[in-house]
Amino acid sequence: MAHGFKNFSKENRCPICGGPDWCGIMPGKDGGELIVCQRDCMKTNLIGRDGEYYIYICDSRQAKASIYEESGQRRAKELQNQGKKISGFDYAKLQYRELIPVDIMEPLSNRELDKIYRGLLSELILEECHYHYLKGEGWTDELIRKHYICSFPVKDFERYQSRIYQKNPLRVQLAEKLVRKFGSLEGVPGAYLNKKGKWTFAGNPGILFPLYDADGNIYRLRIRLDQDDGYGKYHNFSSFKEDQEAAGQGYLKNYYKKGCQAGNNIGIYADAQDDMFLCYITEGEKKGILGENYLKNPVISVPGVNSYAKVLEGKPGHRPIDVMKQKGVHILIIAFDADKEKNMAVLKSQSCLAQALQKEGITVAVANWDISLGKGLDDLLVGGNRPTYELLG
Ligand SMILES: [Zn+2]
């Protein structure tokens, strides 16, 4: 192995595959550190298991490993190069980054979060503009109600500053109501203490979608932003941002006081009336909810096509795939977007998922449709069409 190679451990797992061993970190030729993942079969820019963005650099020469670089480090190097093109590993020197975590909050249990998030959603309404957007996407009033879809208000100071009128309460008022009901919002991704020591919520405004676990608990929320902030429209409802000052001193600290990281999670959309023999997997909560409603089969949403391995994560017997099998699921149908033929990342993700599931004894099929009928599963179904199926293996 290369000089200075350090293996990951159970405590510090590989951000690409989540493995505790085999993969590791090595210093870049001119500073910074690079991730060497031995299990990766994506070989594309992706969101790591820690929620960070990773840039695929190349294959390692000796082994069949993939080399990745965290995008923040990459950006910093580009800034130091002042627009000059970066080639290979010819980067300016950078600090070696290994941060010691300080006061990092763990999320509450799914059951506890279910109570608080249901409380939160019941205090909010769906603003007119969001309602019209969803109706235009084929949502019914019943479906909107069933999943407590509502709007997350703009930041309080922006509301004062720009005199924005919204029916929803201020964020501090919302938090105050929940604190009165539940005591504290510690361990609730999205919540944090502001400078005045009051609980409030982080993030930009948009539409909130619930993420259910296999037992039907709402354990996370996802938000569809009104405005793309450069990292896509869909975000985790989370209150975590790396404190830059602390990072400079070698510590991993949350910029949001008492804030909590949501991480990337799957959502399971199922109804008691559903036929459980077939289960779909798609990307995104909106497609998951609408898909279940049309297909009358359970639908699992993954936060990105690279995050499929989430269905195989957890304690043996309690992994989402185990629970779905216990509920009668025999066939899993992968239903990622129809542009997959042009998108190598999606194609690779699909075959990785299929291989992993077949090892679990699950029959795997892929849903196909012509892109002219709609890009996503939701577009296809709302248009009155159904996919065709292709068995794998
Ligand atoms: Zn790895």
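Which residue in strand 20 stands opposite Asn368? Asn368 faces Thr388. The model is predicted, so local features need pLDDT of at least 70 and side-chain atom pairs count only at pLDDT 80 or more, while totals for chains, interfaces and linings use all residues. Residues are numbered from 1 along each chain as its sequence is written, and side-chain values use heavy atoms, leaving out hydrogens and water.

- Six strands make an open sheet with mixed pairing, in the order 15-17-16-18-19-20.
- Its edge strands, strand 15 (267-269) and strand 20 (388-391), each pair on one side only.
- Strands here are DSSP runs of E of at least two residues, and helices are runs of H or I of at least four, numbered from the N terminus; two strands pair if DSSP finds at least two bridges between them.
- Strand 19 (residues 363-368) runs antiparallel to strand 20, and four bridges join them.
- Helix 8 (residues 285-295) packs on the sheet and touches strand 15, strand 16 (278-283) and strand 17 (299-302), where contact means heavy atoms within 4.5 Å.

**The zinc site**

- The zinc ion has the protein donors Cys14 (SG), Cys17 (SG), Cys23 (SG) and Cys37 (SG), 2.3 to 2.4 Å away; donors are N, O and S atoms within 2.8 Å of the metal (3.2 Å for Na, K and Ca).
- Along the chain the donors follow the spacing C-x2-C-x5-C-x13-C.
- Cys17 lies in the loop between strand 1 (6-7) and strand 2 (24-27) and Cys37 in strand 3 (residues 33-37), so this pair ties together parts 20 residues apart in sequence.
- Cys37 has a relative accessible area of 0% and is buried, a term for values under 20% with a 1.4 Å probe and protein chains only.

Definitions and conventions: Axes are lines fitted to C-alpha atoms, for helices over the stretch in contact, and angles run from 0 to 180 degrees between N-to-C directions. Buried means under 20% relative accessible area, exposed over 50%, partly exposed in between (1.4 Å probe, protein chains only).
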